[in-house]
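The sequence and the structure are shown first.

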Number of protein chains: 2
Amino acid sequence: MNHKNNDLLYLEDLHVGQRFTSSVYELSEEQIKAFAAEFDPQPFHLDDAAAQNSVFRGLAASGWHTAAITMRLLVTGKMRFAAGTIGLGVELEWLLPVRLGDRLHVESEITDILPSRTKADRGVVTVRSVTFNQDEDEVQRLISKVLVFRRSR
Amino acid sequence: MNHKNNDLLYLEDLHVGQRFTSSVYELSEEQIKAFAAEFDPQPFHLDDAAAQNSVFRGLAASGWHTAAITMRLLVTGKMRFAAGTIGLGVELEWLLPVRLGDRLHVESEITDILPSRTKADRGVVTVRSVTFNQDEDEVQRLISKVLVFRRSR
């Protein structure tokens, strides 16, 4: 990368193949249960005994919690777009359960850059982000379409 | 629907075209800012003045917050699968900003049912869920692949 860590990124700064690695987020049992109580109140995210008898075979974070943590790791990392990370849409795949005590990090790669045909000041950037646990297992795959502006705006 | 409201749904209970409507969730400014502070700490989700000067032209909920609320409305609604709503993956599109005071609801339709070729006790069900605000504007489209079990398991 030819920019400093805290520089904001414009469309001109990006290229296909550019990679970013996030910091690490450690997930507690309390966080798993609190998120689930608010947004995904299903027994396997809330109750240890019920979770043991579920397909997850133990307490597992909501996939939406994993997605939200991934967003936090992305927007607090080095892939900082100048107008913010404005997602138009995503594809999301959950591969493995996320457990209490898991330490997650995200590795991202820019896979496509499409300048707008109608608005000269912007483009749509495709970012592929894989969320890993501390064993380097892939727990989530995310493909995001993000709106990014040009410096000359 | 040929089942009672609180019945749990098995693969045999589902058919393509089956529809479900959720209850309503009203979103406050405090909730928008609290979710953003934890998972999507960008100025246009946290600060009114910064939000006015962003592409959102006013405080907007994180798209991940809208997705999480959608999950809550789904799992607390009538589309209750017997083993829970176990998502394998989704496609998600954000169409309009969600604002403080917005009252969201979700309309879902089963669009595909694919029995497993290798495991006789289960199948993958595709559900298309649209999240609407109080003006009946579509704010989010979600296509989910969900693991659903047969009754005979």
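Two strands count as paired if DSSP finds at least two bridges between them. Strands (E, at least two residues) and helices (H or I, at least four) are DSSP runs, numbered from the N terminus. The model is predicted: local features need pLDDT of at least 70, side-chain atom pairs count only at pLDDT 80 or more, and totals for chains, interfaces and linings use all residues. Residues are numbered from 1 along each chain as its sequence is written, while chains are lettered from A and ligands numbered from 1 in the order in which they are written.

**Pairing across the chains**

Strand 3 of chain A and strand 3 (residues 86-94) of chain B run antiparallel and are joined by five bridges. Within this pairing, A:Glu91 has B:Glu91 as its bridge partner in strand 3 of chain B.

**The interface**

Contact is taken to mean that the C-beta atoms of two residues, placed from the backbone, lie within 7 Å. On this basis, 28 residues of chain A are in contact with 28 residues of chain B. On the side of chain A that touches chain B, the elements giving two or more residues are helix 4 (63-75) and strand 3 (86-94) of chain A. Strand 3 of chain A gives the most, with nine residues. By class, this side of chain A has 16 nonpolar, eight polar and four charged residues. Here Ala, Val, Leu, Ile, Met, Phe, Trp, Tyr, Cys and Pro count as nonpolar, Asp, Glu, Lys and Arg as charged, and the others, Gly among them, as polar. Because 100% of the interface residues of chain A are also interface residues in chain B, the copies meet through the same surface.

**Strand pairing within chain B**

Strand 4 (residues 103-115) of chain B takes part in each of the pairings tabulated below.

| Strands of chain B | Sense | Bridges | One bridge pair |
|---|---|---|---|
| Strand 1 (residues 19-21) and strand 4 | antiparallel | three bridges | B:Arg19 and B:Glu109 |
| Strand 4 and strand 5 (residues 122-132) | antiparallel | 10 bridges | B:Leu114 and B:Val124 |

Strand 4 and strand 5 of chain B form a hairpin, with six residues between them.
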